[in-house]
Amino acid sequence: MVGGSSPPPENAVVLSRSAVLAYAPGAETKPVPAKLLVLDRDAIGKYVPASVAKTLDTRLDPLLHQILAESGATVIVKVSAVALDQPIFDITSSVIARLNGRHDKIHYPQLLPVHILTIDRDAAIKNSKVYKSVQVQIDHLVNAGVAEMQEEKDQLAQEGTELQQKLPSLSPEDATAQEQAYDAKLQALQNEAAARDQAIKDSLPAVDRKVGFALEGALDKVMKRTGSQIVLMSDAITHMPPAHDATGEALRNLDESLPDVTLKPRSITPVAGH
């Protein structure tokens, strides 16, 4: 190990420093049962006056340490590091109230040491049955679109050949008009191809929301089974014992609850239909 430091104990979860907004300093570095609070740092600037937002960095750090002292928490983590938790851990609204000059007493949850799980969210989704199903559907839609447009492309190519053959016999005005008409058809075909691609892309957010909601349900089942209170993103973790990794179990739950979903891109009118 660098500098002769010892590896973390087998059951320790070590957070990446980039995931931590504030922590209670100790006399020595040692793993302790974590008492976590969660904060949406990015949301704060939207709900405080501009004058406060300009000096947010200097105001926020001492406030977070004050909250650590008041609550007995050992660490405040970014909401972006959290895959799923219980709302009682989120102090965002209380921090906004303090920054806006309200000094109401914050009612902190009873912060017992939390049971932490972690998840590689991307791996859980990309290895799921529903993700693979969506990829198959995308490939099918793309290939079907290419096949449907091939006849239009061939027809335009033939028109282009015929136009080149007769241009010498046309007046300059007619030649220009027919070339412009042909160029307009080419542009329409390109627009159709782009519209088909965009229609597929536009259908994906609804699928993403459905899969994300299903994954939350899958994770919630793991939390309830294990008695855990919070699931952190694996990329927020520097060290993770395998027993804390909920990815595999969440994936199995997701496959069971949502094995498939149907893409529904809007229909596109072919150029030949104009």
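What is the volume of the second largest pocket? The second largest pocket has a volume of about 330 Å³. This is a predicted model, in which local features need pLDDT of at least 70 and side-chain atom pairs count only at pLDDT 80 or more, while totals for chains, interfaces and linings use all residues. Residues are numbered from 1 along each chain as its sequence is written, and side-chain values use heavy atoms, with hydrogens and water left out.

**Pocket**
- A pocket is, on a 1 Å grid over the protein atoms alone, an open set of points where a 1.4 Å probe fits, with protein on both sides within 12 Å along at least five of seven lines; lining residues have an atom within 4 Å of a point.
- Among the 17 lining residues of the second largest pocket, Leu-141, Ala-144, Gly-145, Arg-196 and Ile-200 are the closest to its centre.
- Helix H6 (129–166) and H7 each give two or more residues to this lining, and H6 gives the most, with eight.

**Helix H7**
- Helices (DSSP runs of H or I, at least four residues) and strands (E, at least two) are numbered from the N terminus.
- The 55 residues of H7 (residues 172–226) should span 81 Å at 1.5 Å a residue, and the end C-alpha atoms are 81 Å apart, which agrees; the expected span is 1.5 Å times one less than the number of residues.
- Gly-227, with a positive phi near 70°, follows H7.

**Sheet**
- Three strands form an open sheet in the order E5-E7-E6, with mixed pairing (two strands pair if DSSP finds at least two bridges between them).
- Strands E5 (82–85) and E6 (116–119) are at the edges with a single partner strand each, so one side of each has no neighbour in the sheet.
- E5 and E7 (residues 230–233) run antiparallel and are joined by three bridges; Val-82 stands opposite Leu-232 in E7.

**Salt bridges**
- The structure holds eight salt bridges (a side-chain nitrogen of Lys or Arg within 4 Å of a carboxyl oxygen of Asp or Glu).
- One of them pairs Glu-70 with Arg-98, the closest N and O atoms being 3.3 Å apart.

Conventions. Grid points are joined across faces, edges and corners, and a volume is the space filled by probe spheres set on the points.
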